[in-house]
Amino acid sequence: MGRRRAPELYRAPFPLYALQVDPSAGLLIAAGGGGAAKTGIKNGVHFLQLEQINGRLSASLLHSHDTETRATMNLALAGNILAAGQDAHCQLLRFQTHQQKGKNKTEKAGCKEQGPRQRKGAAPVEKKSGAETHQEGVELSVENLQAVQTDFSPDPLQKVVCFNHDNTLLATGGTDGYVRVWKVPSLEKVLEFRAHEGEIEDLALGPDGKLVTVGWDLKASVWQKDQLVTQLHWQENGPTFSNTPYRYQACRFGQVPDQPARLRLFTVQIPHKRLRQPPPCYLTAWDGSTFLPLRTKSCGHEVISCLSVSESGTFLGLGTVTGSVAIYIAFSLQGVFPCGCCSCYVSDLLL
């Protein structure tokens, strides 16, 4: 008998491409859509209130923000400002929550304690939800701020966006291989340089101004502004494969618990080509000052698509292209296999 399936927290009414959590407000922000194609699939950003109810995490829809013909493919959060990658552009959104005055809670079918769950074939419910669905006593509004084109390849696409530590700058990367850094919220460009031959897959900004980028050219680079500081070499003290090229898929900085002045860098390496018998993917921890590898461990044969670090720096979360999720201890890179629905670890990772 297989492990019992965990209760569903949220089902998006569109292809889901990006998630962010606002721990101060207890918000889950989900974004995606069908793009410009006239398929009838909406494009939007959903803001959901997260709560613990009887020991379980629950989500209720506060607001649905329509992004018209643009699907949001990536998100970054800085206080109450969202940077949303939409095709070749970055759109800044400002959201605010406030108490309702003299309004009653509007209940929609299927939107009780389980949040905005939607039965099969229940498309009319989604048409009526949007901004009309609120948690009692709370409403949320969204304002479009500045927007700017961030990628200029023949088939342009912003693939990643990241704020710096004090939310005054954001960095973007995409299919043209250029890193561009912008002031917030004016989106005035302050830096532009070619970081990779081909697409930038991910980037991470450290508090000392250093920038780490990973790309389809199999390189991971550390920059100080537009000057190359060093290249990362994960296989120096790890496994070697003569016939299997690997590329870096993701990079994230994380705090060192109990040592707030120190950082670790984490990267994920995946096979550059899909093989009939896929070799394993790997997870590497690096010293955040010297950028020397500390340890590398296999993280299974499913292709890793995303990496997340908990706010405390204690846990790592990995997502795969098949939809599975794994949790690791950041210090040891040891896999965690909790019983039940993993809520104790997921809540730390997200909140």
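Is R70 buried, partly exposed or exposed? In this predicted model, R70 has a relative accessibility of 24%. Buried would require under 20%, and exposed would require over 50%, so R70 counts as partly exposed. Its salt-bridge partner is E68, and the closest N and O atoms of the two are 3.6 Å apart. E68, at 55% relative accessibility, counts as exposed.

Let's visit R180 next. R180 forms a salt bridge with D176, with 3.0 Å between the closest N and O atoms, and both of these residues are buried. R180 also meets the side chain of E192 in a salt bridge, at 2.6 Å from N to O. This pair links distant parts of the chain: R180 sits in strand β11 (residues 178-183) and E192 in strand β12 (residues 189-194), 12 residues apart. R180 has 3% relative accessibility and therefore counts as buried, while E192, at 38%, counts as partly exposed. Salt bridges can also share partners, and in this way K159, E199, E201 and R247 are joined into one network.

Now let's turn to the strands. Strands of a sheet pair through backbone hydrogen bonds, in either a parallel or an antiparallel sense. To see an example, find the open sheet of 4 strands, which has the order β1-β2-β3-β4 and antiparallel pairing. β1 (16-22) and β4 (56-66) stand at its edges with a single partner strand each, so one side of each has no neighbour in the sheet. From one strand to the next, the twist averages 25°. Look closely at β1 and β2 (residues 27-33), which pair over 6 bridges. Here V21 has L28 in β2 as its bridge partner.

Our last stop is strand β15. Of its 5 residues (220-224), 4 are buried, so the strand is largely enclosed by the rest of the structure. β15 pairs in the antiparallel sense with β14 (residues 210-215) over 5 bridges, and W223 in β15 is the bridge partner of L211. The hairpin of β14 and β15 has 4 residues between the strands, and in this hairpin L218 takes a positive phi near 75°. β15 also pairs in the antiparallel sense with β16 (residues 227-231), over 4 bridges, and V222 stands opposite T230 in β16. The hairpin of β15 and β16 has 2 residues between the strands, and there K225 takes a positive phi near 55°.

Definitions and conventions: Residues are numbered from 1 along each chain as its sequence is written. This is a predicted model: local features need pLDDT of at least 70, side-chain atom pairs count only at pLDDT 80 or more; totals for chains, interfaces and linings use all residues. Side-chain values use heavy atoms; hydrogens and water are left out. Buried means under 20% relative accessible area, exposed over 50%, partly exposed in between (1.4 Å probe, protein chains only). Two strands pair if DSSP finds at least two bridges between them. Axes are lines fitted to C-alpha atoms, for helices over the stretch in contact, and angles run from 0 to 180 degrees between N-to-C directions. A salt bridge is a side-chain nitrogen of Lys or Arg within 4 Å of a carboxyl oxygen of Asp or Glu.
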